[in-house]
Amino acid sequence: MLLLLAALAAPADLVGPYTPDANTLHLWHLDETTTPAVDSATAGINLSGLLSGATLGTASYAGFGSALNTLDGGQDAIATGTRDALLAVSASAGNVSVTYADPTTGAFTNAFDGNLANFWVSYGTNAGQGPAPSHPEWLQVTFPRQVAVSEFQIYPRSDNDGYGPKDTQLLLDGILAFQGTMAPTSTLDVRLSPPVNATNAQLLITSSYDRGSSTNPRNVQVDEMSFFERALPGTYGDWALHTFTDAQLADSALGTATADADHDGVPNLVEFAMGGNPFVSDASVAALQMVTAEPGAFAFTFRERKSLGDVQRRFETSTNLVYREEVSPASLLTVANLPDVYVREAVFPAQNAVSFFRVKFSLSPGG
Ligand SMILES: [Ca+2]
Ligand SMILES: [Ca+2]
Ligand SMILES: [Ca+2]
């Protein structure tokens, strides 16, 4: 079984300066030699406060123009004149709120860009209004297809004892999948077993951490959120995740594709493909049934899962049970439509010699 981490937002390789597009909220190239450092995004915020010894016009990587230099005399100094060098919106106005989400569409980038070094900051309906039950903050992700979510992680911004979410819910397709209280500076890592199929996820936050304003947090900040999928919905692997515990999956006698947990002679992969129960001895489900055929023909029926997912079916014939070759039936009909499986009838030309037939199920290459 392939354990696949769905990289839903892969960070791009940086090969040159970015250009803004319709979804760019802020883009500072920092190529200027003097302030303001211009925000290339539409209605962006130029940065004019070059403070505490910060300089522009520093040599940069080839192809990237010049750079901002915030190297200063020491770490974490707070006295006037020794504070860390920085580039701010204004040299005089103090804190200026910078929005990292589109106030109209709610689009955000920093919480889902694969980069733990940047973060999303909630804005509230008014600046300085943090999350509360009466006005929760939320982040919503729409997946490119239905995803079997098996794990998610929320990375809070952990600086200064943490600015991350506190009371949190995760909804998958609007249904509560997790509810709990996050720790202030550590990653929330939740395993969903079995996985939950969903096309969207919403992180709902009703309180947050803020050391400087603990009774009335000013916002909530999230470095990153990640979703993991261990197998595509509908595949053998997804069925296995829904059927076996993690301990069983790791046990080659119980939870692997070739294992036969119930000792009925039917390996788990075939239990999946033919609609058997891997914990109930039900070998008849997997048996081929001879049926009456036209003169000169030979036919059998078999059960088959309605959607085989990543499993391939082939017919094989042999005259000696040693050498087998693939054979195509003259016809393949669906003769019954049961709740979970089809019953199919495969018809072959009558054989001149004693021949054995079988239906073989296997996982697709790479599956
Ligand atoms: Ca980030
Ligand atoms: Ca079995
Ligand atoms: Ca069985």
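**Figure 1. Asp161, in the loop between β6 (137-156) and β7 (167-172).** In this predicted model, the phi angle of Asp161 is near 70 degrees, a positive value in a residue other than glycine. Most residues other than glycine have a negative phi. Asp161 is classed as exposed because 12 other C-beta atoms lie within 10 Å, and the class of exposed residues extends to counts of 12 or fewer.

**Figure 2. His263, in the loop between α2 (246-249) and α3 (268-274).** A positive phi, near 55 degrees, is found at His263, again a residue other than glycine. With 9 other C-beta atoms within 10 Å, His263 is exposed.

**Figure 3. The cis peptide bond between Thr35 and Pro36.** Omega for this bond is about 5 degrees. Pro36 belongs to the segment that precedes β1 (49-51). Most peptide bonds are trans.

**Figure 4. The cis peptide bond from Ser193 to Pro194.** Here omega is near 0 degrees. Pro194 lies in strand β9, which spans residues 188-205.

**Figure 5. Residues 1-14, over which pLDDT stays under 50.** For residues 1-14 the model has 25 contacts beyond four places in sequence. The chain as a whole has a mean pLDDT of 86, and 86% of its residues reach 70 or more.

Methods. Residues are numbered from 1 along each chain as its sequence is written. Chains are lettered from A and ligands numbered from 1 in the order in which they are written. This is a predicted model: local features need pLDDT of at least 70, side-chain atom pairs count only at pLDDT 80 or more; totals for chains, interfaces and linings use all residues. pLDDT is the predictor's confidence in each residue, from 0 to 100. Two residues are in contact if their C-beta atoms, placed from the backbone, lie within 7 Å. Helices (H or I, at least four residues) and strands (E, at least two) are DSSP runs, numbered from the N terminus. A residue is buried if 20 or more other C-beta atoms lie within 10 Å of its own, exposed if 12 or fewer, and partly exposed in between; C-beta atoms are placed from the backbone.
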